[in-house]
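Please keep the structure in view while reading.

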Amino acid sequence: MRIAILGATGRTGRQLVRQALDRGHAVVALARRPESLAGLSAPGLEVVRADVFDPPSLQAAVRGADVLVSGLGLTKGDARGTLEAGARAVRDAGARRVVWLGALGTGDSRQAGGPLVSALLPLVLGAELPDKVRADDLVRAAGASVIHAGPLGNGPARGGGRLVPVAGLRARLLPPGISRADLAALMLDEAESPRFPGATAVALRTP
């Protein structure tokens, strides 16, 4: 399978790239600054410049890909509306299948995040919160699998995680966390065998 990975320079994106290669897939790593991935080299890996604010660059980069997996997030200094711009660019790029990373406690999973997350997210994310919600809505309406995750850790993969429909998740006082490694594995599982196209699922770690 040929997998295009958006946000490949981020911590989750790098996990997606490494694990997709380990699974034997051809990987197109999309990066606004390809030089950021200069130290990453492997058979089957192609690094391509693509910018969500330059939709033709994204369209050209994903041409021929079987699926686009997005680990796109926000970092300090990113322009307002980056996620929505990314969602529009992805939607219009014509990818055959999309797996998109979102955040637990936003949009579809607002209630499932629990009362503490509902109270804190608007304070923590501020103007970024509507951007996240609009981005999810755009790609989901176009048929993407939207994967929401709680707090992300940098520990090793434990395996055995699962994706559950957002409607089937009970609200908790504290949101369930997951390692980026396990999250990447679940997103790639969805890329290989889609279960939630056009819907939102929540990534849960092994109890």
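## Strand β10 and its partners

Strands β6 and β10 pair in the parallel sense, over three bridges. Within this pairing, Ile-147 stands opposite Ala-201 of β10. The model is a predicted one, and the values below are computed from it.

Strand β10 also pairs with β8, this time in the antiparallel sense and over four bridges. Here Leu-163 is opposite Ala-203 of β10.

How much of β10 is covered? Five of its five residues are buried. Thr-200, Val-202 and Leu-204 point one way from the strand, Ala-201 and Ala-203 point the other way, and all of them are buried.

## The whole sheet

These strands belong to an open sheet of eight, in the order β3-β2-β1-β4-β5-β6-β10-β8, with mixed pairing. At the edges stand β3 (45-49) and β8 (162-165); each has a single partner strand, so one side of each has no neighbour in the sheet. From one strand to the next, the twist averages 25°.

Strand β4 (residues 67-70) and strand β5 (residues 98-103) run parallel and are joined by three bridges.

Helix α6 (residues 180-192) lies across β1, β4, β5, β6 (145-149), β8 and β10 (200-204). Relative to β5, helix α6 runs at about 145°.

## Two nonpolar cores

The largest nonpolar core has 30 residues. Which of them touch the most other members? They are Ile-5, Val-17, Val-69, Ile-147, Leu-183, Met-187 and Ala-203. Two or more residues of this core come from each of β1, α1 (11-22), β2 (26-31), β4, β5, β6, α6 and β10. Helix α6 gives the largest share, six residues.

Leaving out residues up to four places away in sequence, Leu-183 touches Thr-12, Leu-101, Ile-147, Ala-149, Leu-152, Ile-178 and Ala-203. There is also a second, separate core of 26 residues, which includes Val-28, Leu-30, Val-48 and Val-62.

## Helix α5 and Asp-136

Helix α5 (residues 128-141) has 14 residues. At 1.5 Å a residue it should span 20 Å, and its end C-alpha atoms are 20 Å apart, so the two values agree. The buried residues of α5 are Leu-129, Asp-131, Lys-132, Ala-135, Asp-136, Leu-138, Val-139 and Arg-140. In general, an α-helix has 3.6 residues a turn, so residues three or four places apart point the same way. Just after α5, Gly-143 takes a positive phi of about 100°.

Asp-136 is in helix α5. Why does Asp-136 count as buried? Its relative accessibility is 4%, and buried means under 20%. Apart from neighbours within four places in sequence, Asp-136 is in contact with Trp-100, Gly-102, Thr-106, Val-146 and His-148. One of these, Thr-106, is 30 residues from Asp-136 in sequence, yet their C-alpha atoms are 9.2 Å apart in space.

Terms used. Residues are numbered from 1 along each chain as its sequence is written. This is a predicted model: local features need pLDDT of at least 70, side-chain atom pairs count only at pLDDT 80 or more; totals for chains, interfaces and linings use all residues. Side-chain values use heavy atoms; hydrogens and water are left out. The expected span of a helix is 1.5 Å times one less than its number of residues. Buried means under 20% relative accessible area, exposed over 50%, partly exposed in between (1.4 Å probe, protein chains only). Contact means heavy atoms within 4.5 Å. Two strands pair if DSSP finds at least two bridges between them. Axes are lines fitted to C-alpha atoms, for helices over the stretch in contact, and angles run from 0 to 180 degrees between N-to-C directions. A nonpolar core is a set of buried Ala, Val, Leu, Ile, Met, Phe, Trp, Tyr and Cys residues joined through side-chain atoms within 4.5 Å.
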